[in-house]
Amino acid sequence: MTNPPAQAPIPPQRVMSQFLFGKQLTASLSALARLGVADHMDDTAISAEELAGRVGAHAPSLFRVMRMLASFGVFTEEPGGKFALTPLGALLRTDAPGSMRYMAMMLGDEPSMRAYVAERPEQAETFQRAMSGGSAIAAQSILASYDFSGIERLADLGGGHGLLLASVLQKYPAIQGVLFDLPEVVAGVPEDRLTSCGGRLRVEAGSFFERVPQGCDAYMMKHIIHDWSDEHCRTILRLIRAELPPHGRLLVCEQVMPEEPGPAPAKMLDIEMLVMTVGGKERTPREFAELFASAGLKLGRIVTTPTPTCVIEALPG
């Protein structure tokens, strides 16, 4: 029995070209997400021409974009210019479990989405939907990995529309919750999210650079710390430390930058922070420990989850 012939290595120039054309991949996914193309698809092939009619797109252009994305496994391409959704492409459907449609839309928008929350309502809505989609995925992994038992009152700082906090409260009926974010953000919290927690979810408007809710024995922040410089983070953390009781805890839900070389999602997200924020970054365990110590806290433990997001626990120092 002979072994199959070994595949020739990919020339370095071709690999580099794929890297350099990455912006086309992001732009194409974002455009199709904005058009809602995947909402008109399933695993049965449909022509790009028919899809273009449904979403109001230019058929030849749509075909070219879908052909390119099919080469990355987003669609399967069949004869006659037809395409079907793969499990990967299904994540662009609005109704998909863990949908990433709005995340794809957001990443095609202009930089610094947080800066436009008040000034650009349409982009702000995309941003909040993207964050809620990300929170749905993160909530499942966080709840599967971290034990919230023993917390009496939990504040979610910068918690957006409250999906993560509501998920925690639904699993832990003894916990009271405070959703804390800017006035223009919490104004969009769905009413059914508030009622789903049996009156245990309270909304409070404000800026975590000025104050945090009082009377809580735990504070939670998901994908907040990485948006800001160490100096900005110390402001937030010191406000939390001033309110934290001796038995309290802070839960920072973020990716952790590995110390060792090799590929890691945190290294990719770190470049997004480099471009989209002023001083934001993904941090190593040592950097988290130093940042916490500078605000009177200490690193307790880092709990990994099935996703790249970890639960980084800080305690009073």
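Glu313 is buried, with a relative accessible area of 8%. Buried means under 20% relative accessible area, exposed means over 50%, and partly exposed lies in between (1.4 Å probe, protein chains only). This is a predicted model, so local features need pLDDT of at least 70, side-chain atom pairs count only at pLDDT 80 or more, and totals for chains, interfaces and linings use all residues. Residues are numbered from 1 along each chain as its sequence is written, and side-chain values use heavy atoms, with hydrogens and water left out.

**The bridge at Glu313**

- The side chain of Glu313 meets that of Arg301 in a salt bridge (3.2 Å, N to O).
- A salt bridge puts a side-chain nitrogen of Lys or Arg within 4 Å of a carboxyl oxygen of Asp or Glu.
- Glu313 sits in strand 10 (residues 309-316) and Arg301 in strand 9 (residues 297-303), so the pair ties together parts that are twelve residues apart in sequence.
- Helices (H or I, at least four residues) and strands (E, at least two) are DSSP runs, numbered from the N terminus.
- Arg301 is partly exposed, at 41% relative accessible area.

**Other salt bridges**

- The whole structure holds nine salt bridges.
- Arg202, Glu204 and Arg211 form one network, joined by salt bridges that share partners.
- Glu50 and Arg54 form a salt bridge through their side chains (2.6 Å, N to O).
- Both Glu50 and Arg54 belong to helix 3 (residues 48-55). They are four residues apart, about one turn of the helix.
- Glu50 is partly exposed at 39% relative accessible area, and Arg54 is partly exposed at 43%.
- Lys281 pairs with Glu287 in a salt bridge, and their closest N and O atoms are 3.6 Å apart.
- Glu287 is partly exposed at 21% relative accessibility. Lys281 is also partly exposed, at 27%.

**The chain as a whole**

- The chain has twelve helices and ten strands.
- Of its 317 residues, 45% are buried.
- Take the contacts (heavy atoms within 4.5 Å) with a separation of 6 or more: 63% of them join residues 24 or more positions apart.
- The chain exposes about 16,200 Å², and carbon and sulfur atoms supply 57% of that area.
- Accessible areas come from the Shrake-Rupley method with a 1.4 Å probe; for residues, only the protein chains shown count as cover.
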